[in-house]
Amino acid sequence: MDFKTSNEETKTGIYLMQEGNEEPFNIRLHLAKDILTIQEQDVICVSGEPFYSSERTVTIRRQTIGGFGLSIKGGAEHKIPVVISKISKEQKAELSGLLFIGDGILQINGINVRSYRHEEVVQVLRNAGEEVTLTVSFLKKTPAFLKLPLCEDCTCIPSDQSSGTSSPLCDSGLHLNYHPNNTDTLSCSSWPTSPGLRWEKRWVDLRLIPLLHSRLSQYIPGSDVCRKNSFQVIAVDGVCSGVIQFPTAEDCLDWLQAIASNISSLTKHNVKKINRNFPVNQQIIYMGWVDEKEQDSVQDRMYSPKFLALRGSSLFKFTAPPVTTWDWTRAEKSFTVYEIMCKILKDSDLLDKRRHCFSVQTESGEDMFFSVELECELLIWEKAFQMATFLEVERIQCKTYACIMESHLMGLTIDFSMGFVCFDAASKAVLWRYKFSQLKGSSDDGKSKIKFLFQNPESKSIEAKELEFSNLFAVLHCIHAFFAAKVACLDPVFVESQGSTTTAGIPSLSSLSCNSQTPKLKYTT
């Protein structure tokens, strides 16, 4: 049972949900553009003003044909009351609005049977006489293993169940005194009685999850163990959907992509609104949830949720989405985008069972590892880092780092137009300069020294220049960023993406979404 609109912003379906260690139960999901509604079945009074009641009392009489006309499942052996699982065709019309499939039987003629086993309840009903008063309550979280039908259209076939044993997982029919050759019709005296109230089974809201800044997770919290065909949605205020379970991997992926797409659309819309308050050089490129691998991870806490934001010249890492201007000053960490390097991890580079991962190497050489839920999210982050780096390099045009060459204090400028320029720190006199195209190779010792191999444009000979830096990785990443920006200017895929811009002049990420096939972007280094 599932449908979706042409723009895939709306979906509805009936699935299972598990909360904690409880048994899964049936729920209905409804996905709208900005909210995920989780509904459960309940019974409400529809006589006059609708209201909910935890218990109802109904009196019924044993019929000539079909006895009580009920089938039951469950019992104390499954830590639930006995539940009405079917209603006979003969009784269906008479019990309409009074008893429902899924009603738990709490009392029989005043006898509390909440803690009775299945067979014990069957015996009480068999010995209840011609008239029985039931106190019932609809069990909204009936375990899925009972396999109760979700509608009242499922009826049981009368059969003689006056003797023999019963099973808590099979329908035990309470059709006593059934005689196949008896053609008596129902009489008014056999109708159930109730104090003038009518009831109706409906889907009612259990939980509303606003999608803006919500996050999805297929993984058991903190681990790299992926749940089979299931995930949970966690709202920005911490409200959790519970673990939503699907019959197939295809259904699970379809819902994951649809919810992720709506979250992404809301994020982009929110970014546009926030960017109105920021100058052009401090615009947000993209932001969203990731899971970060803990540096000193223990077995039960390998990953923690983090909220990353690429804004202006920086990558911000938060524990929660920034809402106010003050929140931006309270980031857990921040990094300059052209002094860090993002790398999408191939399957052979993955650290554990988590898929769709990327790493960020900081200016100090520290590696941070992040995981996202879907490949489309990985592609969005890849493009976002590419855009943020390109825009910042284009804005600053050059960056200078202090260095030492042959025991003398120097400065190395990486210039977007001119290439590499080395000058004396005291006199500012230029010692040498090379274009980016003249760099034929380089190596570093992983600590402080870089050896550049430049080609002399006239003699074509290779000239080696060795420089020592106090911030080696920042310099290496900056050089990489400038090279990538130069190459991006010649990359038709990237150039085409620059053609679609927002009113603030920031390239759009709208070409990437989680409900369509997306080609990989070139990010040549």
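The model is predicted. A search of the whole structure finds 17 salt bridges. Strand β11 (residues 131-138) is largely enclosed by the rest of the structure, because 6 of its 8 residues are buried.

**Strand β11 and its partners**

- Strand β6 (residues 56-61) runs antiparallel to β11, and 6 bridges join the two.
- In this pairing, I60 stands opposite V132 of β11.
- Strand β9 (residues 103-108) also pairs with β11 in the antiparallel sense, over 5 bridges.
- Here I108 faces L134 of β11 as its opposite residue.

**Salt bridges**

- K306 forms a salt bridge with E332, with the closest N and O atoms 2.9 Å apart.
- That pair links distant parts of the chain: K306 sits in strand β18 (residues 301-311) and E332 in the loop between β19 (314-318) and β20 (333-336), 26 residues apart.
- K306 counts as buried because its relative accessibility is 10%, below the 20% cut-off.
- E332 is partly exposed, at 39% relative accessibility.
- K333 forms a salt bridge with E366, and their closest N and O atoms are 3.9 Å apart.
- This pair also links distant parts of the chain: K333 is in strand β20, E366 in the loop between β22 and β23 (367-371), 33 residues apart.
- K333 is partly exposed, with a relative accessible area of 35%; E366 is partly exposed at 27%.
- D349 forms a salt bridge with K343, the closest N and O atoms lying 4.0 Å apart.
- D349 has a relative accessible area of 29% and is partly exposed; K343 is partly exposed at 45%.
- Salt bridges with shared partners join E292, K306, K317 and E332 into one network.

**Positive phi angles**

- Most residues other than glycine have a negative phi.
- N109 is not a glycine, yet has a positive phi of about 50°.
- N109 lies in the loop between β9 and β10 (111-112), and is partly exposed with a relative accessible area of 38%.
- H356, also not a glycine, has a positive phi of about 55°.
- H356 belongs to the loop between β21 (341-344) and β22 (357-361), and counts as buried at 19% relative accessibility.

**Negative surface patch**

- D444, D445, E466 and E468 form a negative surface patch.
- D444 lies in strand β28 (residues 439-444).
- D444 is partly exposed, with a relative accessible area of 39%.

How values were computed:
Residues numbered from 1 in each chain as written. Predicted model: local features only at pLDDT ≥ 70, side-chain atom pairs only at ≥ 80, totals over all residues. Heavy atoms only, no water. Patch = residues over 30% accessible without salt bridge, like charges linked within 9 Å, V, L, I, M, F, W, Y side chains within 5 Å. Areas by Shrake-Rupley, 256 points an atom, 1.4 Å probe, with all protein chains shown as cover. Salt bridge = Lys/Arg side-chain N within 4 Å of Asp/Glu carboxyl O. Lys, Arg positive; Asp, Glu negative; His and termini not counted. Charge placed at Lys NZ, Arg CZ, Asp CG, Glu CD. Helix = DSSP H or I, 4+ residues; strand = E, 2+ residues; numbered from the N terminus. Buried < 20%, exposed > 50% of the residue type's maximum accessible area, 1.4 Å probe, protein only. Pairing = 2+ DSSP bridges.
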